[in-house]
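Dear colleague,

Please find the structure below for your records. My notes on it follow directly after.

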Amino acid sequence: AELELGHLYLSTRKGNEAINAFERVISQNLKCREKAKADKKPAQCSDESFAEASFYIGLLYLQQGNFESAIATLRPLTDDLRLTTVYNALGAIAVQGSRAEKKNPSKAAAMLNEGVELLKKAADSSPDDASVLFNYATALFLNGNLTESAAQMRNAIVKNPRDGEAYFILAKALETLKDAK
């Protein structure tokens, strides 16, 4: 019921109420796991609801510009689910967060590196997904790895030849590399 309530709040653009409802789903799941552990029995908890609630909370934090909370909420899903979409979303959030971090350059660099690592996992697990390849290539570009960025961006363009942004970033990388190809 709390999951459905969270979706209702989400659809009516009541972000804080949606976060509260989704957090109750997570809390119920954690209590279920703790009880099973205390009873020394296998957990019969709704891990799908936990993952879905965590995912939406992370996206809501992203919409609010709270990159650190979004990453903290989504990071456990990478271990539990190992889904390309989670790696892709979390990597993109980390890259966005690094770009928004103006006060602490070392924190921005760490977030960018984390984003590159997560997006690499997404690209490795889904090499035919143009949006994943684009995100990975863009993160590499922002991280200064222009040669690899150009190679990945070429792959993204093969998958989606109408992507003007991909052509633009590829051109910028090649221009910096002084590569006419």
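Asn88 touches Leu119, Ala122, Ser131, Val132 and Asn135, leaving aside residues up to four places away in sequence; a contact here means heavy atoms within 4.5 Å. Asn88 itself lies in helix α5, which covers residues 84-100. At 14% relative accessibility, Asn88 counts as buried, where buried means under 20% relative accessible area, with a 1.4 Å probe and protein chains only.

This is a predicted model, in which local features need pLDDT of at least 70 and side-chain atom pairs count only at pLDDT 80 or more, while totals for chains, interfaces and linings use all residues. Residues are numbered from 1 along each chain as its sequence is written, and side-chain values use heavy atoms, with hydrogens and water left out.

As to the chain overall, the protein has 9 helices and 0 strands; helices are DSSP runs of H or I with at least four residues, strands runs of E with at least two, numbered from the N terminus. Along its principal axes, the C-alpha trace spans about 65 × 35 × 35 Å. Of the 181 residues, 40% count as buried. Among contacts between residues at least 6 apart in sequence, 49% join residues at least 24 apart.

The accessible surface comes to about 10600 Å², and carbon and sulfur atoms account for 52% of that surface; the areas come from the Shrake-Rupley method with a 1.4 Å probe.

Yours sincerely

Definitions and conventions: Buried means under 20% relative accessible area, exposed over 50%, partly exposed in between (1.4 Å probe, protein chains only).
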